[in-house]
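These are my notebook entries on a structure that I had not examined before. I list what I looked up, topic by topic.

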Amino acid sequence: MTTETVMDLDHKYAMTTYKRNPLEVVRAEGVRLYDPTGRDVIDFLAGVAVCAVGHSHPTYIAALTEQLHRVVHVSNLVYNAPAAKLAERLCTLSGMDRVFFTNSGAEANEAAIKLARKRGTAIAAGKTKIVSALASFHGRTIATVTAGGQPKYSEPFGPLPGGFVHVAFDDCDALSAAVNEHTAAIFLEPIQGEGGINVASDAYLIHARALADAHNALLIFDEVQTGVGRTGTLWGWQHSGVKPDVMTLAKGLGGGFPVGACLAFGDAARVFVPGDHGSTYAGNPMAATAALAVLDIIGAEGLLANAHIIGVLLQERIAHLALEFPEWIGASRGRGLMIGVNVPNGNAREIVGAALSNGLLMNATSENTLRMVPPLVLTESDVCDAMDRLKAALQQLSGISITAIRGAVSSTVSVEPGFLAGRDLLGIDDFSSRECHQILALAKRVKAGEITNTATGKVGALLFEKPSLRTKVSFLGALAKLGASGMYLGKDEVGLGKRESVEDVGRVLTRMVDVLIVRTFDPVILKGLADSCTIPVINALDDAEHPCQAFADFLTMQEHLGDITGKTLTYIGDGNNVAASLMLLAPKLGVHFRIACPDGYLPDPQVWARACELATEHGTNMERFSVSSEAAAGADAIYTDVWTSMGQEEEHARRMAAFADYTVTAEIMRLGAPGAIALHCLPAHRGDEIADDVMEGPWSRVFAQAENRLHAQQAILAAVL
Ligand code: PLP
């Protein structure tokens, strides 16, 4: 299955709860992930602070393989040795008394909340309040999103359970004011992870301990992210010496296998009795074996000390980058290998995108914070390699200065159907930069199924003088999806300009239909029709431009590359109508454009000049090359089209000779930026302009691009009707 198919299936069938990075991982080892082309990406995300011992650790694999052959799952109605051993190991290592196993962090926190409430109620009626911190994160279940102090995760899901009180983090006075006799528990992360790597001061944790004791409340530490060595000690609370009554774990504990745990000390360990709580899979033999293997490896390889030492080194290297790129990189914070980096210019997500293009995966917890949580097996040389990649990304970003790309509109553009009612689309320059962004935003809504039947009862006519598969089917399909009907008028049916003048055809059709979609050779005919019509006229390809194709192409780039601002599109081949629309649209969307073609096949000089003008206006680059490998170097998308277009058939032999060195091959694709994609507007001549292994290889997004014709054109029609 190609990456394109994987992405297509995911986009079509998975609920859209995640914004995924454009990376398919097929293999991983140590701190490196590999995509289907074999390109490596250094993993500073570690499955979101999960893969503590790195990927494919031999001890981990051996332990799990052996257990897999013994027994996988037995239920909690019988005993299993790995779970019993793990319970003992965790209690011994933490000084806690008992454990309840779970499958995830959220579930471990649910257990902690239930435990605290049952205990509180047993002490006094109404002693059920849970005091937690603003900006905290405790999971995605209904109770844990309520406990987490981030309304964006809880508000849409009301009514929310009551009894949760939020206070400012690391603020002793705020905590004192909130805790009283009704408090069942104070619930904190020693370092807020998802909230942006905010480290609680020792004084704050000591204060929380004292307050909990004074009010006979529990102190619960959510160590789902900080636990199991992440901060350089086995548990995050060990830095302060403040031991909680309840500690929750997950993430690193299973090293990639889903395991969570809620550990309790003292009377808290005796709250649950049979029937109070349970979980079908929790603590099954595989999960417990995974956790035991992780703890073994951490001990055997000295990973706590490693996390501490390598974490200090990493923060030093970040400080060097901060001196070099002060706009982009500010101070870092955190402990061990749980590091947050301040991004002064608020472009953390751009850094994540550029870093991935350069082979480093991490994430941004907000526009101002990068999170680095690599595997604890990270070495000094991995740090050097990763920081070199980050530096290359920052050089690219500061070179092109994202903020200098004028007119760049964020992906949150809001737009409604009909926003261009009555307008023509003869060429890209008919729409402003903002309108182009809006068309793409509308196309995304179209694709999500949000824009249907907005043109019920309307009629569209397709007036086509050239053959067509994709354009014809996609326009007729788009009209149908909008509730409009479409009719197809072929070359011999109308006799445009021969049987009847262009002007008269326009004047007649304008009285009968609501939109005219035209495919003709001559731009003068297209213009003549538009001038004689009062209805919108859409260019479905003429000799000058193919604007609808270009919208579908940039939609595909957005889907597969993320934010395309500052990305580079390289076009290799004939400077034809498709190339013209691409080079005009690229600057309007903040994309750099390169073309590689032999002399004599450059784009129309007027179009080129206009594209350069737009590039100056929007702060992007336009470059011409005669050697395709030079144009491909570092490009994010590499695009080609047939060397001989419709109507040029007699030039075929000459063109084949001229373009012989311009085939987009796998070798050319490998010169692109990591994660670069291959595009072709089809029909393709495999072996001529594009090699078969590119069409079918991991780079190809060609069929997603073809499908996007439908969505982009439906958006254009929805906009103008
Ligand atoms: N608690 C903390 C501190 C976390 O960081 C997370 C996950 O990011 C959770 C709880 C939720 O864990 P899970 O996604 O395994 O339910």
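**Entry 1. Helix 1 and the surface.** I began with Leu9, which I found in helix 1, residues 3-13. I took helices (H or I, at least four residues) and strands (E, at least two) as DSSP runs numbered from the N terminus. I noted that the model is predicted, that local features need pLDDT of at least 70 and side-chain atom pairs pLDDT 80 or more, while totals for chains, interfaces and linings use all residues. Residues are numbered from 1 along each chain as its sequence is written, and side-chain values use heavy atoms, with hydrogens and water left out.

Leu9 is partly exposed, at a relative accessible area of 38%. I use "buried" for under 20% relative accessible area, "exposed" for over 50% and "partly exposed" for what lies in between (1.4 Å probe, protein chains only). With Met1 and Tyr13, Leu9 forms a nonpolar patch on the surface, and the three together have about 400 Å² of accessible area. Such a patch takes residues with over 30% relative accessible area and no salt bridge; nonpolar side chains (Val, Leu, Ile, Met, Phe, Trp, Tyr) are joined within 5 Å, like charges within 9 Å. The areas come from the Shrake-Rupley method with a 1.4 Å probe, and for residues only the protein chains shown count as cover.

**Entry 2. Salt bridges.** I found 33 salt bridges in the structure, each being a side-chain nitrogen of Lys or Arg within 4 Å of a carboxyl oxygen of Asp or Glu. Asp10 pairs with Arg20, with the closest N and O atoms 2.8 Å apart. Because Asp10 lies in helix 1 and Arg20 in the loop between helix 1 and strand 1 (27-29), this pair ties together parts that are 10 residues apart in sequence.

I then looked up Asp40 and Arg389, whose side chains meet in a salt bridge at 3.1 Å, N to O. This pair links distant parts of the chain, since Asp40 is in strand 3 (residues 40-43) and Arg389 in helix 13 (residues 380-400), 349 residues apart. Arg389 counts as buried, at 15% relative accessibility. A further salt bridge joins the side chains of Asp692 and Arg686 at 2.8 Å, N to O. Salt bridges that share partners also join Arg32, Asp40, Asp382, Asp385 and Arg389 into one network.

A nitrogen atom of the ligand is 2.7 Å from an N or O atom in the side chain of Asp222. A backbone N or O atom of Gly105 lies 2.8 Å from an oxygen atom of the ligand. Both were looked up as polar contacts, which are pairs of N or O atoms within 3.5 Å; within protein, one must be able to donate a hydrogen and the other to accept it, and residues adjacent in sequence count only if both atoms are side-chain atoms.

**Entry 3. Backbone.** Lys251 has a positive phi of about 30 degrees although it is not a glycine. I located Lys251 in the loop between strand 11 (246-249) and strand 12 (260-264). A cis peptide bond joins Gly158 and Pro159, with omega about -5 degrees.
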